[in-house]
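Visitor: Could you take me through the charged side chains of this model, pair by pair and patch by patch?
Guide: Gladly; here is the model itself.

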Amino acid sequence: MITCADIFWKNDTPYSTGFDDFYFNTEQSFEDSLYVYINANNLPSRLNAVPKRLTIAETGFGTGLNFLLTAQQWLNKSSNGQQLHFISVEKQPLSHNDLKRALHQWKDFEPLSSKLLNQYPLACQGFHRLSFPDERITLTLIFGDALDSYKQLKASIDAWYLDGFSPSKNPDMWTDKLFNSIARLSHSKTTFSTFTSAGVVRRGLQAVGFEVRKQTGFGKKREMSLGTFIENKAPTLDTKPWFSIPKSEQPTEVTIIGGGLSGCSTAYSLAQRGIKVRLIEKEQHLATAGSGNRQGALYAKLPVSPTKQGELHLTGFLHTVNLLKRKDPEQSFWSQCGVAQLATKENEKKRQQELIDNSHYPDSLVQHKSDIELSEISGSVVSSSGLFFPTAGWVSPVDFCHLLAAHSNISIEQHDITNIEQADHLWNLTTSNSKHLHCSHLIICNAELANQFKQTEHLPLKAIRGQVSITEDSADLPQLKTVVCGEGYISPTQEGKYCFGATFDLKGKQRNVTQYDHNKNLEKLEDALPEFHDALIGKKEPLTGRTAFRCSTPDYMPVVGPAPIYSDFVETFDRLRKDKNWCFDGICPSHYPNLYVNTGHGSKGLITCPISAELLASMICNEPLPLPTTLIDAVNPARFIIKNLIRRAI
């Protein structure tokens, strides 16, 4: 679990009790950071020479001073076509209140500091991507150990700020293993600078390939270190060529098949980067299939102990909340009203108690509440104790899709695509009425229909039927104030209607609304909210509803990434088996050029689609990736091929 920094304040300057040191120079904080990091990396002159983007990485976020000063320089000297990516790791982040107090005294950084505070993550371990589109800045803030974090990063760094407390007080920040990771992420023009001239730091950086020199330090500091990456001397990490990501030039236009949450999120992430997007939907309107429900619960059901799926869901939840806060601050089609997750079964009570006891998650994310407390919070009597997520809530997926697609770089066309082929570096798309469309880059986002094409027919996608029930609000019903989840869910009203459900039918093919499924939804409602259920039954008015099919996968993880060529993977695998040495050097199975997939989000699309879209857009544009390598591999479309081949080989 990530714990916030234990600090106290000396005249508005934060002081770390754990490392017995100040966070910054108490008298000349701006001048210190400018001298040691921005000027020592020669950034003022380099900004004029950046063709598209500049990527800076830091080993201690602290109060965010280096980030804000760099952003200030960026805004003064960069041009409209350029992007700044800033990556920073922090093992003990400041609490939101402490960061607010630190930033309050620096008026020069408004309004960016306010935007930073608005997006500042909860104290949850992992990658957190913060976006500042008006400033053309992306901040990837990683909460965790620097060594573990940078081992999981996929990026090419132009400049390093080696910050943090001094080597004598924080030796874990200055190890050979961390220097190896720094070298792996550097290129021939990468620079670094740091306030320290300690021999262990200089020798460690020289050993992995940096040319290191000393210069006069700032203020009372006698010397500091800086230098340039010359040659990678660090040991090579074990790689997984099966999960490699092909590189290409950033496209000017992209075509997307599918107008649900996946397609609209992907279109938005690309459009934000200045790319023209043609969004193709076969129906007359966006979000008519699985993304078409009135409301969806916005929260992550957390595992007792961290898992890849749990990490993706939590990262995605926090990312979606930030996106919604930025795009719809008035909460016109969503509500951060909180979510109560009830323990209606004994095994769920034990699971929830174990989750709380393990202390993997902060109270700001999830809290245990009694049935009395949850009844007060929700506005109706609940059947059991449970977990409460104060920053969660509900979203209208349809409105979300329309908001994301309402971008000047996105055009929407109605076509039913039946076939795709590549010729002469272009993808040729054939419609059901024999019309032909062409594009250089293609992304398949049409849920369970994504494997209708021969290039993706190996994907093991399955459709799972679900039905929600809808009733009109009335004075006879309790007024719910928060989302309540048990075996099903119900949200506060939207436009005078309650939406609850949903069924989960692995074999169902029925597209019509059935009374049988209404009854199943009512049973779930009775288990969670008996008072609300009895009041609803008393109305004796027929329920309306909606059915849809979720697209899922065997491991219940989405499919996001470049489309692999199945036959090439099989041939490569067989060749390695015959060699018996299993030497992977230089071995990299092929992918279809400029063909990508984003599907398989199941019932978690609200929390996995936006972060998956950001991942895919970053891949396509060769940017730093917003997720750790373990999660990128876990959603890679090639994973199913590899699992099948390994199973066959055993």
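**Charges on the surface and in the interior**

Guide: Asp527 has its place in helix H14, where helices (H or I, at least four residues) and strands (E, at least two) are DSSP runs numbered from the N terminus. This is a predicted model, in which local features need pLDDT of at least 70 and side-chain atom pairs count only at pLDDT 80 or more, while totals for chains, interfaces and linings use all residues. Residues are numbered from 1 along each chain as its sequence is written, and side-chain values use heavy atoms, with hydrogens and water left out.

Visitor: What is the relative accessible area of Asp527?
Guide: Buried means under 20% relative accessible area, exposed over 50%, and partly exposed in between (1.4 Å probe, protein chains only). Asp527 falls in the partly exposed class, with a value of 38%.

Visitor: Which helix supplies the largest share of the negative patch?
Guide: The patch gathers Glu487, Glu523, Glu526, Asp527, Glu531 and Asp534 on the surface; patches are made of residues with over 30% relative accessible area and no salt bridge, like charges being joined within 9 Å and nonpolar side chains (Val, Leu, Ile, Met, Phe, Trp, Tyr) within 5 Å. Helix H14 (515-528) and helix H15 (530-539) each supply at least two of its residues. The largest share, 3 residues, comes from H14.

Visitor: How many residues apart in sequence are the parts that Arg129 and Glu614 tie together?
Guide: The two side chains meet in a salt bridge at 3.4 Å, N to O, a salt bridge being a side-chain nitrogen of Lys or Arg within 4 Å of a carboxyl oxygen of Asp or Glu. Because Arg129 lies in strand S6 (residues 126-132) and Glu614 in helix H17 (residues 605-620), the parts that the pair ties together are separated in sequence by 485 residues.

Visitor: Are Arg129 and Glu614 buried or exposed?
Guide: Arg129 has a relative accessibility of 5% and counts as buried. For Glu614 the relative accessibility is 7%, and this residue too counts as buried.

Visitor: Which residues are linked with Arg129 and Glu614 in a network of salt bridges?
Guide: The structure holds 15 salt bridges. In the network that includes Arg129 and Glu614, the other linked residues are Arg273 and Glu623.

Visitor: What separates Arg351 and Glu348 within helix H11?
Guide: Their side chains meet in a salt bridge at 3.1 Å, N to O, and both residues are buried. Because Arg351 and Glu348 are 3 residues apart in helix H11 (residues 346-358), their separation is about one helical turn.

How values were computed: Areas by Shrake-Rupley, 256 points an atom, 1.4 Å probe, with all protein chains shown as cover. Lys, Arg positive; Asp, Glu negative; His and termini not counted. Charge placed at Lys NZ, Arg CZ, Asp CG, Glu CD.
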